[in-house]
Number of protein chains: 2
Amino acid sequence: MTHLNLLVGGPTSEWPNQLTAGKVSGDWIGVDRGTLRLLKMGITPLVAIGDFDSLSADELKLVKSAVSDIRQAVPEKDETDTQLAVTVALHEYQYDRLDIYGATGGRLDHFLANFWMVLEPRYRQYAPQIRFIDKQNTITFFAPGSYEIKKEPDKKYLAFVTLENVGHLTLPDEKYNLKDENVTRPISYASNEFIGDTGHFSFDSGMVAVIQSKD
Amino acid sequence: MTHLNLLVGGPTSEWPNQLTAGKVSGDWIGVDRGTLRLLKMGITPLVAIGDFDSLSADELKLVKSAVSDIRQAVPEKDETDTQLAVTVALHEYQYDRLDIYGATGGRLDHFLANFWMVLEPRYRQYAPQIRFIDKQNTITFFAPGSYEIKKEPDKKYLAFVTLENVGHLTLPDEKYNLKDENVTRPISYASNEFIGDTGHFSFDSGMVAVIQSKD
């Protein structure tokens, strides 16, 4: 399985250790200040995207001299730089998975815009390919169906998050169970846990995010 | 206007400076580790709530010796300690506003459960009294109506966040405007800004969160 990574400009304090140690494999796209942070780790992203208005003139010069493909976006009210980057990643590159780092912590309006991106018609079909990763959380997205998921070794908690109306949500073999629950508003069923190394769940309409997390 | 504060156990790195400096006025309710943190700042909460399973025996002893009203909750899958605390605050105390600190950062399943709490039937009517405050964000909630809001002096950005279907959302005098927008999914209209010190908005169904934030 091939994957592409995005680094967004959120606080580095939220990065997982693997990223801080420069040990995340795969190609990168840099978003805004994320581009600069990649360059400082010795990683040249395939593309740099953003309005770069948070960079100094010297920092912007460094980005321009190092990255061959720069998309200096004009900020629009309904489109974050992260959304632009996801569009480029999904339409111009062929990868099975898109891992987004740096999108949590800091401004909550940004986090929510990024988190809900998968509900937009243009991104919805790609939701199962998108993951958000930070030092305490991994977020994945699921379209209606039946799934087996694997526990991440370093995570303790498991949450099922209904992003919209969700039909017949069933959690048959986790610590806390649900059977054919019709969920009519966004709910974070938090602090569930795996029994063993895998868990199953199913639902037949709407979208569900799974968050594995640790304290 | 009287207010009551809740301190939840999220990372102290997300606290606003005012809290770190011990300068938030008003009475407190402590949730889980938040109780211990209040005591260490010299603040004795009115009530301590939680399962306290993250505290050591000595820490729990300290809490029990200092706080007269302790509700040692049994954790349930559908109810966070924060929700229990909000219930106690709203039903047993008379305050115009409930300010919640320590509910952001860290585990995202917790943040989302807390953020969406206001959509639960039992809390919905109290939503306009609830605020979430951290070092970069203030979140407030609005029922359908017409409003004038004031810019917080230290914040730059203004976001309108639809938590559910929202009818006729109108932003007449902000940097980016909307007119009679019918929003059919959760959207964070991020990175808007006040023009001047106040802004107006209106909508006629659903619930809207306003987030004032800074980089």
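Start at the lining of the second largest pocket. Select β12 (187–192) of chain A, then α2 (33–40), α4 (81–92) and α5 (108–116) of chain B; each gives at least two residues to that lining. Helices here are DSSP runs of H or I with at least four residues, strands are runs of E with at least two, and both are numbered from the N terminus. This is a predicted model, where local features need pLDDT of at least 70, side-chain atom pairs count only at pLDDT 80 or more, and totals for chains, interfaces and linings use all residues. Residues are numbered from 1 along each chain as its sequence is written, chains are lettered from A in the order in which they are written, and side-chain values use heavy atoms, without hydrogens or water.

Pick A:Tyr157, A:Asp215, B:Asp32, B:Arg107 and B:His110, which lie nearest its centre among 35 lining residues. The space is about 900 Å³. A pocket is an open set of points on a 1 Å grid over the protein atoms alone, with protein on both sides within 12 Å along at least five of seven lines; a cavity is a set where a 1.4 Å probe fits but cannot get out; lining residues have an atom within 4 Å of a point. A volume is the space filled by probe spheres set on the points, which are joined across faces, edges and corners.

Next, select α5 of chain B. Eight of its nine residues are buried, so the helix is largely enclosed by the rest of the structure. Buried means under 20% relative accessible area (1.4 Å probe, protein chains only). Among the buried ones are B:Leu108, B:Phe111 and B:Trp116.

Now jump to A:Leu163. Among the residues it touches are A:Phe115, A:Phe141, B:Trp116 and B:Pro186, leaving aside residues up to four places away in sequence. Contact means heavy atoms within 4.5 Å.

Last stop: the largest cavity. Its space is about 100 Å³. Select A:Thr104, A:Gly105, A:Leu108, B:Gly105 and B:Leu108, which lie nearest its centre.

Key: Buried < 20%, exposed > 50% of the residue type's maximum accessible area, 1.4 Å probe, protein only.
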